[in-house]
Amino acid sequence: MKKCSLTRTTIGLLTVLGIFSCGGGGRSTAGPTSLPPASGASSGSSPSGSIGPGPYKLFTMKDKETGSTWNVKGEAVDGPLKGKALDQIPAHNAMWFAWLAFWGNTEVYGMAQKGNGEDFRNTLQFPQDKILSGGVAPDGIPALTDPATVPAPQASWSDGDMVSGVFFAGEARAYPQNIGWWHEIVNDKVGGHSVCYTFCPLTGTGLIFDGEGRPGEAGERITMGVSGLLFNTNLIMYDRRDRKTLYPQMIYTAINGSTNDLKLLPVVETTWGLWKQLYPRTTVVSVQTGIPRNYGAYPYGSYRESSDIFFPLAQDYNQNALARLFHPKEMVLGLMGINGTPRAYPFKAMGEQAALNESLDGRDILVVWYREGRMAIPYNRNVDGRPLTFEIVNPS
């Protein structure tokens, strides 16, 4: 748990991989924004059919403009818009303290007050001296690449286990947080598309990134490794293509001079039981990883329930006017507007279920919330050039 900066301490930690290159860049970025999903990435891009049977009684919605009926996957299943689907907005869940540590000026659903802290979207001025050692060497936490997967009926995960799910080109895949606790990164392919699933157990953040190489990158597949470093107690990944580019997971922008940025993809975080019900033909990463780990045991004890934050943060969390609104480990849906405005949707503030018609940076948003399945999904509620207004008509 020893603090590191761009000094001999950090360089010594990373010598094995040759990861760190100094200089701080020479560019300023707009930071994370809600990017349009890659082709086939969201249920809106490729409607996936009916929801299967299961223990969850899911609500349906209607839009006031056309009277069409919609399911929680953002698919119109009846009415004038039947066959249409909403595009899911890339976003992710996080512990409250972590979201506030990165986006200290965040908005909060249902509140007029904004935070009075700092945000970290300008990587030109990134506080390199606030990077810490997580106490493990690079790759000391082993990422998985192309792990074994199994169909849902063959999986040994419990229905209450949390997963991050993605849907590409007709293929659904689930990544259990139990795997993320011990490996933090899974480099994988879904529907023929390369993806990087990343999970930080200390901030509760499960993000999925596009793993396809882009123009100028020779089409090389993007794979990530665990650097052993942290910022705001959040996982810092390194790019295996050059073995030096570093990305704090929650801003997914290079912080040490590279011009590479990662593209955030839509993800659905929910229970394994509900994901199977939404996508009955899903596959899931198998417990048989070839690495001996107790995947049924959370490795950090009571951390998720306590107020403890293991590592120092780059700004004083307790000085933010919003800090005491919620328990530090309360989960929130964190959403970035197209102009970079951050907004948090605390699970505690959304009741048992909700269809929230919102706007952020001029974009019309629907947030679907279902507490029993611990699922919050943001959609673009603009269809065929006009915004729709949703209401729950068949509560669960």
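This is a predicted model: local features need pLDDT of at least 70, side-chain atom pairs count only at pLDDT 80 or more; totals for chains, interfaces and linings use all residues.
**Exercise 1. The second largest pocket**

Starting from the second largest pocket, whose volume is about 300 Å³, work out which residues are the closest to its centre.

*Solution.* Step 1: of the 21 lining residues, Gly-134, Val-136, Ile-141, Glu-184 and Tyr-300 are the closest to the centre. Residues are numbered from 1 along each chain as its sequence is written, and side-chain values use heavy atoms, leaving out hydrogens and water.

Step 1: recall what a pocket is. On a 1 Å grid over the protein atoms alone, a pocket is an open set of points where a 1.4 Å probe fits, with protein on both sides within 12 Å along at least five of seven lines, and lining residues have an atom within 4 Å of a point. Grid points are joined across faces, edges and corners, and the volume is the space filled by probe spheres set on them.

Step 2: look at the elements. Helix 3 and strand 15 (224–231) are the elements that give two or more residues to the lining of the second largest pocket, and strand 15 has the largest share, four residues. Helices (H or I, at least four residues) and strands (E, at least two) are DSSP runs numbered from the N terminus.

Step 3: The lining of the second largest pocket holds 16 nonpolar, three polar and two charged residues. Here Ala, Val, Leu, Ile, Met, Phe, Trp, Tyr, Cys and Pro count as nonpolar, Asp, Glu, Lys and Arg as charged, and the others, Gly among them, as polar.

**Exercise 2. The largest pocket**

How much space lies in the largest pocket, and which element gives the most to its lining?

*Solution.* Step 1: the space in the largest pocket is about 480 Å³. Step 2: 22 residues line the largest pocket, and Met-162, Gln-177, Arg-304, Met-331 and Arg-374 are the closest to its centre. Step 3: helix 3 (residues 177–183) gives the most to this lining, three residues. Step 4: by class, the lining of the largest pocket has nine nonpolar, four polar and nine charged residues.

**Exercise 3. Strands 15, 16 and 17**

Trace the pairing from strand 15 through strand 16 to strand 17, and say how enclosed strand 16 is.

*Solution.* Step 1: strands 15 and 16 are antiparallel and share five bridges; two strands pair if DSSP finds at least two bridges between them. Phe-231 has Asn-234 in strand 16 as its bridge partner.

Step 1: strands 15 and 16 make a hairpin with two residues between them. Asn-232, in the loop between these strands, has a positive phi of about 55° although it is not a glycine. Most residues other than glycine have a negative phi. Asn-232 is buried, at 1% relative accessibility. Buried means under 20% relative accessible area, exposed over 50%, and partly exposed in between (1.4 Å probe, protein chains only).

Step 2: strand 16 pairs antiparallel with strand 17 (residues 246–248) over three bridges, with Met-237 opposite Tyr-247. Six residues separate the strands of this hairpin, and Arg-243 takes a positive phi near 60°.

Step 3: six of the six residues of strand 16 (residues 234–239) are buried, so this strand is largely enclosed by the rest of the structure.

**Exercise 4. An open sheet and its edges**

In what order do the four strands of the open sheet stand, and why is one side of each edge strand left without a neighbour?

*Solution.* Step 1: the order is 3-2-1-28, with antiparallel pairing. Step 2: strand 3 (76–78) and strand 28 (390–394) are at the edges, each with a single partner strand, so one side of each has no neighbour in the sheet. Step 3: strand 2 (residues 69–70) is joined to strand 3 by two bridges, and Thr-69 has Asp-78 as its bridge partner there.
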